[in-house]
Amino acid sequence: MYLAALLISLMYGICFALSRKEEAPKGKPAPFYRMAIYLYKFSYIKRIPLFRSKQVEADIKRLYPGESGQRAQTDYYVKKISLSLIILFAGTALGVLVSIREEGRLILDKEGIVVREEDEQTVEIAALTKGQEEANVFTIRIAPKILSGERLEEVLREFENSLPELILAENTSLEHVNENLKLLEEYEGFPFTVEWTSDRPDVVDGTGKVYVPAETTEVALTAVLFYGESQWKKEITVCVTPKILSYREQVRFELEELLTLSEKESRMEETWRLPKTWRGEEVEWRQVTSDKGFLLWVMTLVASGAVYLLNDRDLHEKTEKRKKLMKKEYSEIVHRLLLYLGAGMTIRGAFQKASSQPFKSRGKIPSPAYEEMRYTCRELQAGVSENAAYERFGKRSGMQEYIRLSTLLVQNLKKGNSALLDRLKEEADKACEDQLQNARRLGEEAGTKLLLPMVMLLLVVMIMVMLPAFYTMGT
């Protein structure tokens, strides 16, 4: 995690140093916006296709017809890059904090020394030995340094009564034991230290490890309860069934026993040094931690990339929504042009009149087709020829309907087509038919979407009708 954070910090530092001269808009996070501007400029100059997409450029041109295409693209990419940089920076910082927090919880140093605290500690330790590919992992409870105190005699009987159930572990009963018993030195909720002995250590030893007997064997376990200078005894009889131990299980058992004995012998000391050898071989100990900082950083990296890519999808969805609105408005626009041209107006006058005000109020719903027409009118006022303006109008829309309309207008200007009104009337009839078919298609889609809720409601109604009938038959 720290290496990844170092690389990210180095990258941010370089970008920050190189982007000092860039200017960020007011109200924006200046460092990230400056870095985003620099990265976009660098990729644009070097022609690196990392921050460029033909689909995105086409969508931006359609969504913002009255603005500079390059400026709109720059604003879009800079905003998207800066957002990804912010997410990556925040996630990396959070991952480092999580890793630091996990390291602060370490109680085992490199020399195998554990510092005791006033409260009981639980530590997860992994043992590495020669000849093993996987480490043995143990969860060890480290008791605090023994202090003087009074014994609560009234809980002794409760502990003795609960002890048979406490040692069961994964076994169903003490009359049928086929798993290791839970013979601990301490049990949660009781202030006793327990030493276990067995009359058959070859079957069940003092740690609760079960070895394979030739047949079902009864074993008498003796629990010696200690607290200060007081002690009590309790005997428990168990019936053990055989269980074969693998080499790995045997190694784990011996290492666990070695750890337990070593921890017990060091209880009067401030520190606990873990055993360095086992069967004459050196043992390497390390504490098992759950450092989720790197995982958090990876998730942040994925989220940052997802945000960057999903912005393109959102932009394309806006473009598709705009196309649907324009297709819906096409029939109305053609009828308005037909009306004004039939009244004797010129093509330019009819076009400007048709773009001035829609017939019906649309409230806050945007009208992209009329915006394109008004943009074309502004081009005409700026001195662009009618032929070029109408051709640009069709190309910007990117839809066959508007391309046909612009072609009709241009042909009439070039050749003086006297049949323009007839052609527009045919186009208006075709637009009405397309709109009617589109409405039918939407209706069919809505019916399909409602099919599942209708089936669910039918099931509810059938249950409501059939339940009383079943109750009546039962009575």
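The questions and answers that follow concern this predicted model.

Reader: How many helices and strands does the protein have?

Author: The secondary structure is assigned from DSSP runs. On that basis the protein has 10 strands and 13 helices.

Reader: What percentage of the residues in the protein is buried?

Author: A residue counts as buried when its relative accessible area is under 20%. The protein has 475 residues, and the buried share of them is 37%.

Reader: Among contacts between residues at least 6 apart in sequence, what share joins residues at least 24 apart?

Author: Contact here means heavy atoms within 4.5 Å. Of the contacts in the protein between residues at least 6 apart in sequence, the share that joins residues at least 24 apart is 64%.

Reader: Which element gives the largest share of the largest nonpolar core?

Author: This core holds 29 residues, and those touching the most other members are Ile333, Leu337, Phe351, Met373, Tyr390, Tyr402 and Leu405. Two or more residues come from each of α7 (293–342), α8 (347–356), α9 (368–381), α10 (386–397), α11 (400–415) and α12 (420–449). The largest share, seven residues, is given by α7.

Reader: Which residues does Tyr390 touch, not counting residues up to four places away in sequence?

Author: Tyr390 is one of the core residues that touch the most other members. With residues up to four places away in sequence not counted, Tyr390 touches Ile347, Arg348, Phe351, Thr376, Leu380, Ser406, Leu409, Val410 and Leu413.

Reader: Is Ser355 buried or exposed?

Author: Ser355 lies in helix α8. Beyond its neighbours within four places in sequence, Ser355 is in contact with Tyr370, Met373, Arg374 and Cys377. Its relative accessibility is 3%, and the limit for burial is under 20%, so Ser355 is buried.

Reader: How many disulfides does the count come to?

Author: A disulfide is a covalent bond between the sulfur atoms of two cysteines. The rule requires a pair of cysteine sulfur atoms within 2.5 Å. By this rule, the number of disulfides is zero.

Reader: What is the relative accessibility of Cys432?

Author: Cys239 is buried, with a relative accessible area of 16%. Cys432 counts as partly exposed, because its relative accessibility is 34%.

Note on methods
Residues are numbered from 1 along each chain as its sequence is written. This is a predicted model: local features need pLDDT of at least 70, side-chain atom pairs count only at pLDDT 80 or more; totals for chains, interfaces and linings use all residues. Side-chain values use heavy atoms; hydrogens and water are left out. Buried means under 20% relative accessible area, exposed over 50%, partly exposed in between (1.4 Å probe, protein chains only). A nonpolar core is a set of buried Ala, Val, Leu, Ile, Met, Phe, Trp, Tyr and Cys residues joined through side-chain atoms within 4.5 Å. Helices (H or I, at least four residues) and strands (E, at least two) are DSSP runs, numbered from the N terminus.
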